[in-house]
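Work through the exercises below with the structure open beside you. Each task is followed by a solution in steps.

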Amino acid sequence: MSMQEYELIHDTQEDESCLQQYRKRCMQDMHQRLSFGPKFGFVCELQNGEQFLEAVEKEHKTTTVIVHIYEDGVKGCDALNSSLTCLAAEYPTVKFCKIRASSTGAGERFSSEVLPSLLVYKAGELLSNFISVSEQFNEEFFAVDVEAFLNEYGLLPERELPALGNGNLEEQDVE
């Protein structure tokens with residue numbers, strides 16, 4: 001094999017590798033553009049009633065906002081906080097928030113008898129209001145239970161596909 005033939009073969013392999021990387025970037029860009037709306041992936045702690053109103057009213061009109069009203073030491077609140085933290089990572093297009101009942105400015109309306117409460121908004125409008133939501137679950141409940149409950153009412157979007165960048169395209173055949 002001559003040096004020219006070797007370089008030609010080597011250049012072709014490099015070209016194919018560059019083409020695969022280009023395809024991968026194009027697919028990631030296309031996926032990003034098709035994923036409408038803001039991304040969150042965490043539970044936002046609201047400090048007062050003003051932040052509560054902003055979180056609900058100033059959000060993108062296609063974004064579902066789920067607000068957990070809780071108080072420390074109330075049965076079910078800690079488990080619901082943990083469950084929502086897990087769900088926030090799985091549903092990054094949903095804005096999950098939590099606020100202490102005593103910080104809402106309407107604490108008298110949220111006594112320990114109605115906690116934990118979940119309020120679900122979209123486009124600034126209240127879609128659902130669940131008081132004493134932990135009564136819907138067993139004594140011990142997890143994110144899958146809360147997810148099933150919210151899905152029962154059609155309040156969660158379809159789960160997103162895993163990110164395209166996780167696969168190693170360099171080792172896969174791309175056609």
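**Exercise 1.** State how much accessible surface the protein has, and what share of that surface belongs to carbon and sulfur atoms.

*Solution.* In this predicted model, the accessible surface comes to about 11300 Å². Carbon and sulfur atoms hold 50% of that surface. Turning to burial, 36% of the 175 residues count as buried.

**Exercise 2.** Count the helices and strands and give their order along the sequence.

*Solution.* The protein contains four helices and five strands. Along the sequence they follow the pattern α-β-α-β-α-β-β-β-α.

**Exercise 3.** Describe the sheet: in which order do its strands lie, and which strands form the edges?

*Solution.* Step 1: the five strands form an open sheet in the order S1-S3-S2-S4-S5, and the pairing is mixed. Step 2: the edges are S1 (43–46) and S5 (125–130), each of which pairs on one side only. Step 3: ignoring direction, neighbouring strands are turned by 25° against each other on average. Lys122 stands opposite Glu125 in S5.

**Exercise 4.** Find the strands that helix H3 lies across.

*Solution.* H3 spans residues 77–90 and lies across S1, S2 (64–70), S3 (95–100) and S4. Relative to S2, H3 runs at about 160°.

**Exercise 5.** Identify the residues with the most contacts inside the largest nonpolar core, and the elements that give two or more residues to this core.

*Solution.* Step 1: the largest nonpolar core has 21 residues, and those with the most contacts inside it are Ile66, Leu84, Leu87, Phe96, Leu118, Val146 and Leu150. Step 2: H3, S4 and H4 (143–152) each give two or more residues to this core. Step 3: take Phe96 and leave aside residues up to four places away in sequence; among its contacts are Phe42, Ile66, Leu84, Leu87 and Leu156. Step 4: a second, separate core has 18 residues, including Leu46, Val74, Phe110 and Leu115.

**Exercise 6.** Explain why the buried residues of H4 are on the same side of the helix.

*Solution.* Step 1: list the buried residues of H4, which are Ala143, Val146, Glu147, Phe149 and Leu150. Step 2: these residues cover an arc of only 160° around the axis, so they are on the same side of H4. Step 3: on the other side, Val144 and Glu152 are exposed. Step 4: the cover over the buried residues of H4 includes S2, H3, S4 and S5. Step 5: just after H4, Gly154 takes a positive phi of about 70°.

Key. Residues are numbered from 1 along each chain as its sequence is written. This is a predicted model: local features need pLDDT of at least 70, side-chain atom pairs count only at pLDDT 80 or more; totals for chains, interfaces and linings use all residues. Side-chain values use heavy atoms; hydrogens and water are left out. Two strands pair if DSSP finds at least two bridges between them. Axes are lines fitted to C-alpha atoms, for helices over the stretch in contact, and angles run from 0 to 180 degrees between N-to-C directions. Contact means heavy atoms within 4.5 Å. Buried means under 20% relative accessible area, exposed over 50%, partly exposed in between (1.4 Å probe, protein chains only). Accessible areas come from the Shrake-Rupley method with a 1.4 Å probe; for residues, only the protein chains shown count as cover. A nonpolar core is a set of buried Ala, Val, Leu, Ile, Met, Phe, Trp, Tyr and Cys residues joined through side-chain atoms within 4.5 Å. The arc is that of the directions from the helix axis to the C-beta atoms.
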